[in-house]
Amino acid sequence: MNIFRLPDLGEGLQEAELVEWRVAAGEDVKVDQPLVAVETAKAVVEIPSPQGGRIERLFASAGDVIRIGAPLVGFEGAGEDTGSVVGAVQQGSGVVRDQPISVGHVGGAVRATPAVRALARKLNVDLAMVTPSGADGLITTQDIERVARILSETEAAEPLRGVRRAMAHNMAQAQAEVAAATIVDDADIHAWASGTDTTIRLIRALAQACKAEPALNAWFEPHAFARRVMKKIDLGVAVDLSEEGLFVPVLRDVGNRDAQDLRKGLDRLRQDAAARRIPPEELRGATITLSNFGMIAGRYAAPIVLPPTVAILGAGRIRDEVVAVDGAPAVHRILPLSLTFDHRVVTGGEAGRFLGAVIADLTLAA
């Protein structure tokens with residue numbers, strides 16, 4: 001049997017959830033015929049057949065979470081994996097059933113006696129959820145009973161899937177790896193004309209800042225302990241879809257595009273995200289990230305830097321504020337900014353100069 005494995009579907013994605021088979025065992029298929037629909041962290045993707053032939057076996061069922069490189073389809077005949085039209089195939093570890101993600105107690109050992117552990121199993125309490133009250137962080141019987149009582153008063157746990165599942169993985173990884181530091185400041189945008197496109201101005205300012213301080217438009221390779229400063233600015237744009245979760249599609253080469261072209265690109269990315277049809281290649285290769293969270297709420301934040309990038313610029317809600325102008329009070333429009341950077345790679349001075357360049361561009365009338 002010639003086994004076709006789940007290919008790499010996008011940068012950083014480790015698994016996908018099988019939504020629906022488009023074929024059945026015993027069916028003859030052609031090259032590029034859709035085999036299966038899977039939901040990744042960012043989109044629902046159809047995987048085409050890498051070869052023609054008869055299908056001997058399907059290795060997973062709808063609802064299964066499949067790791068990249070795990071067996072997907074077995075074709076009749078002998079041979080090796082034929083690869084995929086959508087990316088490189090890596091060795092996987094098999095098909096797994098959906099499991100809750102544990103993001104607590106990272107790097108710390110849970111301390112509990114055998115009797116307490118047995119009680120936790122009996123009451124179906126995950127020890128990682130329990131805040132210990134005993135000496136030196138020891139979990140007690142009372143702790144288990146307290147958590148069990150709380151859980152009994154809540155609805156059943158909802159397994160994280162799709163985008164939210166990937167978000168949990170990525171944020172836990174980022175929190176564990178990145179030495180994050182954040183600086184904040186304000187930009188006075190009083191000179192802007194009415195109707196100015198805030199997101200486009202932020203992109204332009206970020207691009208100018210990358211030219212002034214390129215160190216933040218970079219990737220860090222922790223295994224080699226090396227950084228790569230990028231010449232082109234491929235901007236990850238955080239897109240919030242309230243029901244689905246957080247998407248970060250990539251807007252390419254923002255430093256060499258005009259405002260009209262950037263707006264068209266942004267609109268298309270948002271439409272694709274809403275329709276869950278973002279091509280995998282548009283989720284790869286961001287060199288820096290922008291989050292305009294102020295469109296929803298919030299003044300300042302400490303946004304998360306996602307490896308291998310080393311910086312993310314956040315923009316808060318625009319507000320009117322009294323400022324001093326030539327010694328007299330005046331009401332101006334103020335745009336709050338938050339810049340988080342990976343302090344393993346970026347110095348405080350580099351971050352400060354970058355944020356200063358952003359502010360300098362934003363204060364211009366046009």
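This is a predicted model: local features need pLDDT of at least 70, side-chain atom pairs count only at pLDDT 80 or more; totals for chains, interfaces and linings use all residues.
Residues are numbered from 1 along each chain as its sequence is written, and side-chain values use heavy atoms, with hydrogens and water left out.

**View A. The stretch annotated as a PSBD, residues 111–148.**
An unreviewed UniProt entry marks residues 111–148 as "domain: Peripheral subunit-binding (PSBD)". Helix makes up 45% of the chain over residues 111–148 and strand 11%. Here helices (H or I, at least four residues) and strands (E, at least two) are DSSP runs, numbered from the N terminus. From end to end, the C-alpha atoms of residues 111–148 are 18 Å apart.

Look for Glu350 in helix α6, which runs over residues 348–362. Glu350 is buried, and yet no salt bridge is found for it. (Buried means under 20% relative accessible area, exposed over 50%, and partly exposed in between, with a 1.4 Å probe and protein chains only; a salt bridge is a side-chain nitrogen of Lys or Arg within 4 Å of a carboxyl oxygen of Asp or Glu.) So which side chain of opposite charge is nearest to Glu350? That's Arg227, 4.3 Å away. For charge, Lys and Arg count as positive and Asp and Glu as negative, while His and the chain ends are not counted. Setting aside neighbours within four places in sequence, Glu350 is in contact (heavy atoms within 4.5 Å) with Glu213, Ala215, Leu216, Arg227 and Val345.

**View C. Phe220 and Phe225, an aromatic pair.**
A search of the whole structure turns up one aromatic pair. Phe220 and Phe225 form it edge-to-face, at 5.7 Å centre to centre and with 75° between the planes. The rule is that rings of Phe, Tyr and Trp (its six-membered ring) pair if their centres lie within 6.5 Å; planes under 30 degrees apart count as stacked, over 60 as edge-to-face and the rest as tilted.

**View D. Ile278, a buried loop residue.**
Ile278 sits in the loop between α5 (259–274) and β19 (288–291). With a relative accessible area of 3%, Ile278 is buried. Phe247 is 31 residues away from Ile278 in sequence, and the two are 9.7 Å apart in space, C-alpha to C-alpha.

**View E. Salt bridges, a selection.**
The whole structure holds 17 salt bridges. One of them joins the side chains of Glu20 and Arg22 (2.6 Å, N to O), and Glu20, Arg22 and Glu46 are linked in a network of salt bridges. Glu20 is partly exposed at 41%, and Arg22 is partly exposed at 35%.

Another salt bridge brings Arg54 to Asp28, with the closest N and O atoms 2.9 Å apart. Arg54 lies in strand β6 (residues 53–58) and Asp28 in strand β3 (residues 28–29), so this pair ties together parts that are 26 residues apart in sequence.

Arg263 and Asp197 also meet through their side chains in a salt bridge (2.8 Å, N to O). This pair links distant parts of the chain, 66 residues apart: Arg263 is in helix α5, and Asp197 is in the loop between β12 (180–188) and α4 (198–212). Arg263 counts as partly exposed at 26%, and so does Asp197 at 28%.

Most residues other than glycine have a negative phi, and most peptide bonds are trans. Pro307 and Pro308 are joined by a cis peptide bond, with omega about 10°; Pro308 lies in the loop between β19 and β20 (311–315). Asp253 isn't a glycine, but has a positive phi of about 50°. Asp253 is found in the loop between β18 (250–251) and α5, and is partly exposed at 23%. Asp326, not a glycine either, has a positive phi of about 55°. The loop between β21 (319–325) and β22 (328–342) is the place of Asp326, which is exposed, with a relative accessible area of 80%.

Terms used. UniProt positions are given in the numbering used here, feature names are shortened, and annotations may be inferred rather than shown by experiment.
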